[in-house]
Amino acid sequence: MKIKFVNPKHHPHSMNFLHCLDLVGVKYSHMPLSLPTLAALTPPDCAVEIEDENAGAVKFETDADIVALTGSVPQRRRVFELADEFRRRGKPVVIGGPITFDMPDECAAHADVVFIGEAEYTWPEFIKDFRQGKHRNLYHQKEWINMEDSPAPHFHHLKSAHYASGCVQVTRGCPNRCDFCDIPVKYGGQPRSKKIEQVLSEIMTLSELGYDSVFIVDDNFAGNKPYAKSLLKKIAELLPSLPTKMYFYTQAALDVANDDELLELFRAAAFLRMFVGIETRDAGKLEALNKKHQTGMDIKRAVEKIKSYGITIWGGMMFGLEGDDLSSFEKQFEFIRDADFLPIQVGLLQAVPGTPLYIRAVAEKRFLRLPSIYGLTALSEEELSKATNLLPKNMSETELEMNFARILRKIFSPDAFRAKMVQYIHSNTRNMLTSLPSLNMKTVMILVRLLSFYLFRADMKTRKMFFQVLRVLAAHSMRNLDETVFHLLAYKHMQTHYYKIADICESRR
Ligand code: B12
Ligand code: SF4
């Protein structure tokens, strides 16, 4: 029996860096983890093929017995197009992934079988049923699986040269209860973890495949601090034996700043970046968002402390919060300007199904457009990042969108980015020696493409910013050379992406 797994194309998003991948020389930022995990769950006597449309065109001619699609809500249009095309060609189509949580009926209309939830137990059950010709059309995993049963993904089905980073998932679930967040609802309120030995072996495999960076995709890496500390110690011990000079980045909650031992371990394990959903510095609004782990913290100092361990904070910031009014835009801008993090994900508060915010919004009749579940995504995929499905409380929808557009242009202007990079280089604790990337053909080509972009393709203001940043870098002993180059690459994406969202916000009026 043969199974063809397919990951449909993604649209540009803040953290997939699509607009700068031409400079990096890869097809997509991150490898998809679900499909190599499913490949590992497939009985060894089945032939397996994985096609990631983000890395190359999908081939419709196939001798596979089953076509299995993964997907998230933002990918939904392409998920359904691919499903329809394979079914038209007579192939049984299966759909799984986070899309099925929120759109089970739509998925069922385009597939023969739908999987809801984690598939560690249901996928092998389905293969058995399918072989016996008695499979169901719905497999729903209701209980949380034991993460020790989640196998090491079969990474070798993906071409490492296509991706900027390898990925590893260590835990699922988060102990916090942010009002707008669906992670505790979808993946559980207590982190569940893989065995440390397995995580180390996944990292080793990725290094053997040539990856030099790994994104630990956990929503809150340090949700279980004792486990995180044990793992970090082991990663630090593993580093010298890896075939590539490896570094890591992940996502965590700001309260990691309260634990010096944890921060020291992050540094020892070569964690260079951490995405943190900061959202706002306003204590009242944090309270309203139920971000309890962050209320009462001096956010600016917490960020500086994490930074002092050589870890760059990528901040997630929100506009359109429940207490926001017209004065909030500038206040958020000033905070982003003054605090030592890089704004990477800047969006509007949205109500995601299943969250406390969503339930309250239904009761308060605060929805702008029903039945849209993710803001205005029904109109255009890209609008996901900027549009909201919530009626703002203290301003009109037009005021919200026009001010959001204005502030995005300000946050991602060359001037603001130069100031961010200067602040960043000044405060960094790493130096040229610790941050010198391995010099090989790949890194040389990236530098050549970066230079040629800023010299010949960028506009005047952006070019000027580039040279100013290089000057400051040289004057500060090339501190954090690798990360400065990385963020100069990333800026091409961020500017293009957020200016486009600003255009969309303005053009709909
Ligand atoms: C890593 C990650 C990213 C990475 C890239 C991922 C990639 N490789 O492309 C980045 C940072 C780029 C990213 C961006 C975005 N992401 Co994202 N991301 C994740 C995250 C944290 C981990 C995904 C992962 O690797 N999981 C590990 C694998 C093993 O788990 P899995 O994919 O869920 O697969 C399991 C099951 O779902 C099932 N399954 C999956 N596919 C299939 C297919 C079949 C046939 C079967 C049978 C079963 C099955 O089996 C697997 C094993 O149990 C998840 C949250 C999470 N905890 O999962 C969000 C998540 C997938 N992201 C989400 C979103 C919305 C986004 C963004 C729009 C930004 C945002 N606001 O968060 C963008 C746009 C998408 C994009 N990729 O361009 C949502 C999707 C929601 C939904 N209902 O669809 C999630 C679920 C987070 C959330 N808040 O709910 N993301
Ligand atoms: S800390 Fe992050 S993952 Fe956890 S509930 Fe809050 S937003 Fe969600």
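**Close-up views of a predicted model**

**View 1. Ala39 in helix 2.** Ala39 is found in helix 2. The model shown here and in every other view is predicted. Is Ala39 buried or exposed? Ala39 counts as buried, because 22 C-beta neighbours lie inside 10 Å and 20 or more are needed for that label. Ala39 and Phe155 stand 116 residues apart in sequence. In space, the C-alpha atoms of Ala39 and Phe155 are 9.1 Å apart.

**View 2. The shell around ligand 1.** How many residues surround ligand 1? The shell holds 39 residues. Ser34, Thr70, Ser72, Gly96 and Gly97 are the closest. Several elements each supply at least two shell residues: strand 2 (28-30), helix 2 (34-41), helix 4 (99-102) and helix 7 (183-187). Helix 2 is also the element that holds Ala39 of the previous view. By class, 20 residues of the shell around ligand 1 are nonpolar, twelve are polar and seven are charged. Domain 1 (2-140) gives at least three residues to the shell around ligand 1, and so does domain 2 (169-349).

View 3. Strand 8 covers residues 163-168. Six of its six residues are buried, so strand 8 is largely enclosed by the rest of the structure. Two bridges join strand 2 to strand 8, and these strands run parallel. Here His30 has Ser165 of strand 8 as its bridge partner. Strand 8 also pairs with strand 11, again in the parallel sense, over three bridges. In that pairing, the partner of Cys167 is Phe215 in strand 11.

**View 4. Strand 12 and its two neighbours.** Why is strand 12 described as largely enclosed? Four of the five residues of strand 12 (residues 247-251) are buried, so the rest of the structure largely encloses it. Strand 11 (residues 213-216) runs parallel to strand 12, and four bridges join them. Ser213 has Tyr247 of strand 12 as its bridge partner. Between these strands the chain passes through helix 9 (residues 225-238), and this β-α-β crossover is right-handed. Strand 13 (residues 271-279) also pairs with strand 12 in the parallel sense, over four bridges. Tyr249 is partnered by Arg273 in strand 13. Thr250 stands opposite Met274 in strand 13. In a regular strand, side chains alternate between the two faces of the sheet. Strand 12, helix 10 (residues 260-268) and strand 13 make a right-handed β-α-β unit.

**View 5. Lys365, a loop residue with positive phi.** Lys365 is not a glycine, yet its phi is positive, at about 50 degrees. Where does Lys365 lie? Lys365 sits in the loop between helix 14 (356-363) and helix 15 (397-411). Lys365 counts as exposed, because its C-beta neighbours inside 10 Å number 8 and the label applies at 12 or fewer.

**View 6. Asn480, a loop residue with positive phi.** Asn480 is not a glycine either, and its phi is positive, at about 55 degrees. Asn480 is found in the loop between helix 19 (460-475) and helix 20 (481-507). Is Asn480 buried or exposed? Asn480 is buried, with 26 other C-beta atoms within 10 Å. Lys365 of the previous view, by contrast, counts as exposed.

Technical notes. Residues numbered from 1 in each chain as written. Chains lettered and ligands numbered in written order. Predicted model: local features only at pLDDT ≥ 70, side-chain atom pairs only at ≥ 80, totals over all residues. Near = placed C-beta within 6 Å. Nonpolar A, V, L, I, M, F, W, Y, C, P; charged D, E, K, R; others polar. Domains from an automatic or database assignment. Pairing = 2+ DSSP bridges. Right-handed = clockwise from strand over helix to strand, strands pointing away.
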